[in-house]
Amino acid sequence: TSRWLGVLMFTPAVLYIVAIIGVPFVLAFLYAFSDIKVGSVGWHFVGLANYRSILQSPTFRRSLFNSFVFTISSQVLVIVGSTILALALKDKFRGRGFVRFLILLPWVAPISLGAIGWKWILDSLYSVINWVLVAIHLYKPYSAPMWLGEPGLAMLSVILVHTWRLLPFSTVILLAGLTAIPKDIPEAAAVDGAGFWRTLFQVTIPMMLPIINVAVLFGIIFTFTDMTVVYILTRGGPLDSTQVLPSLAFFAGILGGDLAEGAAISLFLVPLLVAVAYLMLRMAHRAEVA
């Protein structure tokens, strides 16, 4: 009876995963090897034709490069920033709860609202950043940077906004790992004469490596598969300078009506992400064993 009760309790979760993730993934896999379009009454198997087509596309190659730049840059900033915040929030101080609330706010608030707010902040005409730069005489009126209109600045902008979005999530993970470190180990290092930096790089960070790997793994997966910030801020522009694979798949498959090409683009990085997840989990396991 207890065995069937366990199966019965797990069944809703399994059905939910199959319906929300399994079925769309199987359909995307089938579509990627077909010629299906929006409104098609049928489709035909075309093998690797869609992948040959996208690999020959300059826009796809640019989007693939942008995806790596977007992911690697934002994750470096997220890990460095979240480590600093976790160290700052570890010890008690007056107002720590309020500071934690402010840090968590970008993660719990709807990303659409946050991204729209950033779009206003970075707007070419009404940017509050440009207003401040002009007010302190770093730029003349109407000569301030066009944050979302210049390719380099547009990529920098989406990276910083995405970092702002993921920073709270990574901070919570690292803070949990930091508080799990036994207090007697840093205290013993201090007694042996180790200063703050030596304790940080030789004791604290090595002991946090498993949890850091988990934070990096989630961050890479979230970033590689996310298009919200790019879609709201730049729509992939200017001149595809901020186009990433998820946004390109959306534009090709949904707005462009080519479901087969959109599915092929969206599934292109699945093997890579699976390999990254496997390697990161292996590294975390080895760090725990060590």
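This is a predicted model: local features need pLDDT of at least 70, side-chain atom pairs count only at pLDDT 80 or more; totals for chains, interfaces and linings use all residues.
Reader: How do you know that the length of helix α7 agrees with its number of residues?

Author: Helix α7 runs over residues 151–179, which makes 29 residues, and at 1.5 Å a residue these should span 42 Å. The end C-alpha atoms of α7 are 41 Å apart, so the two values agree.

Reader: Where in α7 does a kink lie?

Author: The kink, of about 35°, is found at Leu 166, shortly before the proline Pro 168. Leu 166 also belongs to the lining of the largest cavity, to which we return below.

Reader: Why is Tyr 142 called exposed?

Author: A residue is called exposed when its relative accessible area is over 50%, and Tyr 142 has 87%, so the word applies. Tyr 142 sits in the loop between α6 (128–135) and α7, and its phi is positive, at about 65°, although Tyr 142 is not a glycine. Most residues other than glycine have a negative phi.

Reader: What makes Asp 240 partly exposed?

Author: Buried means under 20% and exposed means over 50%; with a relative accessible area of 28%, Asp 240 falls in between and is therefore partly exposed. Asp 240 is not a glycine either, yet it has a positive phi of about 60°, and its place is the loop between α10 and α11.

Reader: Which peptide bond is cis, and where does its proline lie?

Author: The cis bond leads from Gly 237 to Pro 238, with omega near -5°. Pro 238 lies in the loop between α10 (228–233) and α11 (245–255), the loop that also holds Asp 240. Most peptide bonds are trans.

Reader: What makes a space in the model a cavity, and how many cavities of 30 Å³ or more are there?

Author: In a cavity a 1.4 Å probe fits but cannot get out, and the count of those of 30 Å³ or more comes to one. The largest cavity has a volume of about 40 Å³. Its lining consists of Gln 75, Val 78, Ile 79, Leu 166, Phe 169, Ser 170, Ala 215 and Gly 219, and α3 (58–90), α7 and α9 (196–224) each supply at least two residues of that lining. By class, five of the lining residues are nonpolar, three are polar and none is charged.

Reader: What lines the largest pocket?

Author: The largest pocket, with about 700 Å³ of space, is lined by 26 residues, of which Ala 28, Thr 225, Ser 266, Leu 267 and Val 270 lie nearest its centre. The elements that give two or more residues to this lining are α1 (2–32), α9, α11, α12 (259–267) and α13 (270–289). The classes of the lining are 22 nonpolar, four polar and no charged residues.

Reader: Which element gives the largest share of the lining of the second largest pocket, and how many charged residues does that lining have?

Author: The largest share, four residues, comes from α9, while α3, α7, α8 (184–191) and α9 each supply at least two. The lining has four charged residues, beside six nonpolar and three polar ones. The second largest pocket holds about 440 Å³ of space, and of its 13 lining residues those nearest the centre are Lys 90, Asp 91, Leu 178, Lys 183 and Pro 186.

Technical notes: Residues are numbered from 1 along each chain as its sequence is written. Side-chain values use heavy atoms; hydrogens and water are left out. The expected span of a helix is 1.5 Å times one less than its number of residues. The bend at a residue is the angle between axes fitted to the seven residues ending there and the seven starting there. Buried means under 20% relative accessible area, exposed over 50%, partly exposed in between (1.4 Å probe, protein chains only). On a 1 Å grid over the protein atoms alone, a cavity is a set of points where a 1.4 Å probe fits but cannot get out, and a pocket is an open set with protein on both sides within 12 Å along at least five of seven lines; lining residues have an atom within 4 Å of a point. Grid points are joined across faces, edges and corners, and a volume is the space filled by probe spheres set on the points. Ala, Val, Leu, Ile, Met, Phe, Trp, Tyr, Cys and Pro count as nonpolar, Asp, Glu, Lys and Arg as charged, and the others, Gly among them, as polar.
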